[in-house]
Amino acid sequence: VTERRDRSLLLLLTGSFAVWLVLSGTALNFVRRAMLPYVLVAGVVAVALALLPPMGLLSRRGGNGHEDDGHGHGPGVGVGWLLVLPVLIGLLVPPAPLGANAVRARLASSGTSTGVYPPLAAPVGGAVPMSMAEFSTRALRDKAGSLRDVRVRLRGFVSPGDAPGTYRLGRFVIFCCAADAEAVVVTVTGDAVARRADQWLEVEGTWVPGPGEVPVLAATAVRTVRRPGEPYEYTTVYAG
Amino acid sequence: VAESTVGGVAGRAPVRVRPELVFAVLAIAAGARSLVASGPPNPYVSTWSTIFTAIVVQALPFVVLGVLVSGLIASHATPAALARLVPSHAVLAVPAAAAAGLLLPGCECGSVPVAGRLRSRGVAPGVAAAFMLSAPAVNPVVLVATAVAFPGQPRMWVGRLLGSLLCAVVVGLVWSRFGGEALMRPSLDRAAADAARWTSFSTAARDDLLLAAGWLVVGAAAAATLQTFVPRGALTAVAGLPVVSALALACLAVVLSICSEADAFVAASMRQFSLSARLVFLVVGPAIDVKLMAMQSGLFGRRFLVRFAPLTFAVAVLCGLLVGAVLL
């Protein structure tokens with residue numbers, strides 16, 4: 001019975017951890033939004049398996065030890081105890097999205113493309129709001145130069161730049177979870193303020209055409225913003 | 001009702017963990033967090049725990065789907081019924097099992113417990129292995145994702161379908177011929193044979209969920225460590241060399257342990273590599289990676305893994321190269 005109760009407790013712990021991750025929005029640091037309903041259902045199923053009789057905690061026979069099938073010679077839960085680890089790590093390390101430290105190891109590669117790009121979105125407040133992935137792809141690969149002389153607005157976090165006086169604005173693009181994340185970065189010039197790594201900024205400016213793997217944005221207005229609830233971009237359109 | 005030992009090596013007492021202790025540790029950790037995490041965390045620790053948690057969270061729905069299927073097998077599929085369903089000769093049964101993989105929309109983490117449960121219902125190791133290899137690679141969700149990731153290049157998803165099916169069939173047949181019954185440990189049925197269906201279902205689903213998710217934690221920790229300390233760009237040096245680049249991407253697929261639903265997008269973004277090298281990446285990834293190795297050794301035993309992993313890796317690389325040479 002102990003062994004059965006241990007299993008139930010571990011399933012309850014894992015299931016409620018999954019449910020909490022989704023309901024609190026913390027899960028967006030790890031997976032894309034479209035995954036959330038599945039994680040939630042998985043958590044609910046784990047909780048149900050933990051509670052429902054005859055095996056679960058709600059079983060009337062379970063707690064009293066009338067049915068002695070686990071004491072002393074039971075199989076034990078074994079590797080299942082490792083499920084404590086994700087919860088423990090979630091408690092000890094504040095859940096955070098991938099940041100500046102992970103950028104260099106996960107840079108998305110540029111390439112050539114003959115694709116035809118859709119027209120730009122309409123400007124809002126004097127600048128075209130755009131995902132980092134869209135900006136980077138158009139800057140590096142659109143032969144028609146659709147970004148030329150367009151004032152754009154980008155949102156991302158700071159990572160160190162290559163030249164003094166510059167920094168990189170970056171964002172991770174994920175397809176499923178943070179394990180498949182790739183960093184999209186833009187070099188920002190013309191910002192006189194020193195920015196610290198992992199600070200989130202909204203930058204307005206125009207693209208500076210030039211060679212190189214990292215597109216350049218000449219900033220005209222920069223303001224600090226809070227880290228968005230959805231820290232990753234999810235595009236698939238601009239992935240290929 | 002006497003229960004037998006699960007996964008315990010005979011003669012060695014299973015390690016007893018006191019749950020009170022574990023939950024006390026959790027409570028202390030919750031309390032200590034404010035003290036420990038007052039400054040910004042070490043960036044490597046932060047990256048590692050984000051990737052680790054991401055792999056576990058992302059895989060959890062697929063593991064749960066897998067153990068629900070596994071529970072249904074335990075509660076509804078009698079060995080006799082499965083024997084009627086599965087052809088008795090491996091030459092027919094292995095391709096049939098590989099084709100059945102088209103039906104289970106999951107990723108690789110879910111198909112491991114299903115294969116273990118099929119074994120416990122008398123399905124031969126080679127047949128269960130063929131299903132385990134094909135299910136995560138050729139189901140409709142994965143094929144659609146591949147088609148979306150490679151727009152205008154239908155040969156990629158067709159190539160993936162053919163390469164993965166071929167790999168599953170070849171490994172299944174080789175395993176049927178040389179593998180032997182004992183090498184692939186069946187999952188244990190702990191519910192009595194005459195137990196109610198719900199009891200059989202929930203017993204099997206609970207056991208498999210703890211076992212598979214527990215080993216998933218091991219695999220996720222290994223994959224997160226490799227991802228944190230090995231930069232992806234390290235491979236681009238060999239991108240131009242035909243067979244070497246395919247081997248490099250095959251190793252990358254093993255190291256990254258990306259879900260089969262997402263790997264096509266990663267492959268699509270590796271533009272320096274040829275399409276055939278990237279096809280090898282897509283065929284190897286769902287068949288064998290670090291995370292799967294942990295789960296397979298946990299469910300089927302270490303003796304299984306040391307034979308199955310190299311075999312699968314070699315066959316998957318060859319199938320990917322072959323299909324790529326013909327198709328791309």
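Reader: How many salt bridges does the rule find across the interface of chain B and chain A?

Author: A salt bridge is a side-chain nitrogen of Lys or Arg within 4 Å of a carboxyl oxygen of Asp or Glu. This is a predicted model, where local features need pLDDT of at least 70, side-chain atom pairs count only at pLDDT 80 or more, and totals for chains, interfaces and linings use all residues; side-chain values use heavy atoms, with hydrogens and water left out. Residues are numbered from 1 along each chain as its sequence is written, while chains are lettered from A and ligands numbered from 1 in the order in which they are written. Across the interface of chain B and chain A, the rule finds 2.

Reader: Which residue forms a salt bridge with A:Arg7?

Author: A network of salt bridges links A:Glu3, A:Arg7, B:Arg190 and B:Asp207. For A:Arg7, the closest N and O atoms are 3.1 Å apart in its salt bridge with B:Asp207.

Reader: What is the area buried between chain B and chain A?

Author: The contact (heavy atoms within 4.5 Å) takes 70 residues from chain B and 78 residues from chain A. Buried area is the accessible area (1.4 Å probe) that two parts lose on being put together, summed over both. Carbon and sulfur atoms give 70% of it here, and the total is about 6,200 Å².

Reader: Why is the pair A:Phe17 and A:Trp20 given its class, and what is that class?

Author: Over all chains, a search finds 11 aromatic pairs (ring centres of Phe, Tyr and the six-membered ring of Trp within 6.5 Å; planes under 30 degrees apart are stacked, over 60 edge-to-face, the rest tilted). A:Phe17 and A:Trp20 both lie in helix H1 (residues 2-23) of chain A, 3 residues apart. Their ring centres are 6.3 Å apart and their planes are at 20 degrees, so the pair is stacked.

Reader: Is A:Phe17 buried or exposed?

Author: Buried means under 20% relative accessible area, exposed over 50%, and partly exposed in between (1.4 Å probe, protein chains only). A:Trp20 has 43% and counts as partly exposed. A:Phe17 has 14%, so A:Phe17 is buried.

Reader: How many residues apart are A:Glu230 and A:Arg33?

Author: The closest N and O atoms of this salt bridge are 2.7 Å apart. A:Glu230 is in the segment after strand E6 (216-224) of chain A, A:Arg33 is in the loop between H1 and helix H2 (36-51), and the separation is 197 residues.

Reader: Which strand holds A:Arg153, the partner of A:Glu204?

Author: Their closest N and O atoms are 2.9 Å apart. A:Glu204 is in strand E5 (residues 200-208) of chain A, and A:Arg153, 51 residues away, is in strand E2 (residues 151-160).

Notes. Helix = DSSP H or I, 4+ residues; strand = E, 2+ residues; numbered from the N terminus.
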